Amino acid sequence: MNIVVKPYGSSHSYCRPDTSWERENRDLYTPDRIERWDWAPIVFVRISKAGKCVGRKFASRYYDAIGFGALLYIGKIEGEAVDAAASSCADHTSVLPFPLYNIAVLEGADNVFTVRRNGNQIYSTDCSGIQDAIEEAICRSSEFISLRTGDILAVELAPTEALADRSEGDIHFSASFCENEAFGFKILF
C-alpha cells in the first residue's frame, strides 16, 4: 500500500512509507535529535480502482471514501533543516484516521474540518472545492505513480508550517470533522 501525497501548491507527488501511517491516536514520542515538527492539514481518499494516467473526467471513479487528517514532517534535527524526503519518512507521522466518510459529506456546506494545537484552533476549512482538489490530485499523481486499489491519496490543504518545538515542550494535537473527533494525541519531547 502506498501513501501518495500531493503537496500544497505543487503539481508533483511523492510516496510516504506505510510505516508512517498513524490511525490509532497514539502519542508521538519525539526522538532526542529532533528539535521541531512541522505539519500540513490534508484530505485523503481511499483508492478503489487501479489506474495510471487517469483523465480528469474519470477521476471520480477512482475513490470511494474520504477522511481528513494531517501530515507531520521533521522540521529540524540538531539545528539543521531536513530535506523533504527524509522529513516525511518518520514512523507514525501520516495521521490518517479511520473510519472514513462517504463522499457525500463533501456536498454539505456545514461540514467543517478544524485542527487545534493545545485547544486553540490553528486551521479550519469547509468542504468547498475539496472534491476538485482530490480529483486533480488523482490525475496529476497518476501521471507518474501507478495508483493501486487500497492506496491512500493525501492532498495537502495548506502550506507546511511549524507545529511543535522542543523548546516549547509537549503539545496536544487534535482535529474534528462533521462535529466528530478525527484525531487527538500528544506530541511529547
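The paragraphs below take these topics in turn.

This is a predicted model, in which local features need pLDDT of at least 70 and side-chain atom pairs count only at pLDDT 80 or more, while totals for chains, interfaces and linings use all residues. Residues are numbered from 1 along each chain as its sequence is written, and side-chain values use heavy atoms, with hydrogens and water left out.

The protein chain contains 2 helices and 14 strands; these are DSSP runs numbered from the N terminus, with helices being H or I of at least four residues and strands E of at least two. Its C-alpha trace spans about 50 × 35 × 25 Å along the principal axes. The radius of gyration is 16 Å, which agrees with the value near 16 Å for a compact globule of 189 residues; it is taken over C-alpha atoms, and the globule rule is 2.2 Å times the number of residues to the power 0.38. Of the 189 residues, 48% are buried, where buried means under 20% relative accessible area, exposed over 50%, and partly exposed in between (1.4 Å probe, protein chains only). Among contacts (heavy atoms within 4.5 Å) between residues at least 6 apart in sequence, 74% join residues at least 24 apart.

An open sheet is formed by 5 strands in the order S4-S14-S13-S9-S10, with mixed pairing; two strands pair if DSSP finds at least two bridges between them. Strand S4 (28-29) and strand S10 (120-126) stand at the edges with a single partner strand each, so one side of each has no neighbour in the sheet. S4 runs parallel to strand S14 (residues 180-188), paired over 2 bridges, and tyrosine 29 stands opposite leucine 188 in S14. S13 and S14 pair in the antiparallel sense over 7 bridges, with isoleucine 171 opposite isoleucine 187 in S14. The hairpin of S13 and S14 has 2 residues between the strands, and cysteine 178 there takes a positive phi near 55 degrees.

Isoleucine 187 also belongs to the largest nonpolar core, which has 47 residues. A nonpolar core is a set of buried Ala, Val, Leu, Ile, Met, Phe, Trp, Tyr and Cys residues joined through side-chain atoms within 4.5 Å. The members that touch the most others are Trp37, Phe68, Leu72, Ile134, Ile138, Phe173 and Ile187. At least two residues of this core come from each of S5, S6, strand S9 (112-117), H2, strand S11 (152-156), strand S12 (161-165), strand S13 (171-177) and S14. Leaving aside neighbours within four places in sequence, phenylalanine 173 is in contact with residues including Trp39, Leu72, Val115, Ile122, Leu163, Phe183 and Ile187. Apart from this core lies another, of 13 residues, among them Trp21, Phe44, Ala65 and Leu96. In soluble globular proteins, nonpolar side chains tend to be buried together.

What of the charged side chains? A salt bridge is a side-chain nitrogen of Lys or Arg within 4 Å of a carboxyl oxygen of Asp or Glu, and the count by this rule is 11. One of them joins aspartate 132 and arginine 56 at 3.4 Å, N to O. Aspartate 132 lies in helix H2 (residues 130-144) and arginine 56 in the loop between strand S5 (34-47) and strand S6 (63-77), so the pair ties together parts 76 residues apart in sequence. Arginine 56 also meets glutamate 136 in a salt bridge at 3.8 Å, N to O. Glutamate 136 is in helix H2, so this pair links that loop to parts 80 residues apart in sequence. Aspartate 132 is partly exposed at 48% relative accessible area, as are arginine 56 at 35% and glutamate 136 at 32%. Arg56, Asp132, Glu135, Glu136 and Arg140 are linked in a network of salt bridges. A further salt bridge, between aspartate 151 and arginine 148, is 3.8 Å, N to O; aspartate 151 is buried at 1% relative accessibility, whereas arginine 148 is partly exposed at 40%.

The whole structure has 0 disulfides, a disulfide being a pair of cysteine sulfur atoms within 2.5 Å. For cysteine 15, the nearest cysteine sulfur is that of cysteine 89, 10 Å away. The sulfur of cysteine 127 is 6.5 Å from that of cysteine 178, its closest, which is too far for a bond. Cysteine 15 is partly exposed at 35% relative accessibility, while cysteine 127 is buried at 4%.
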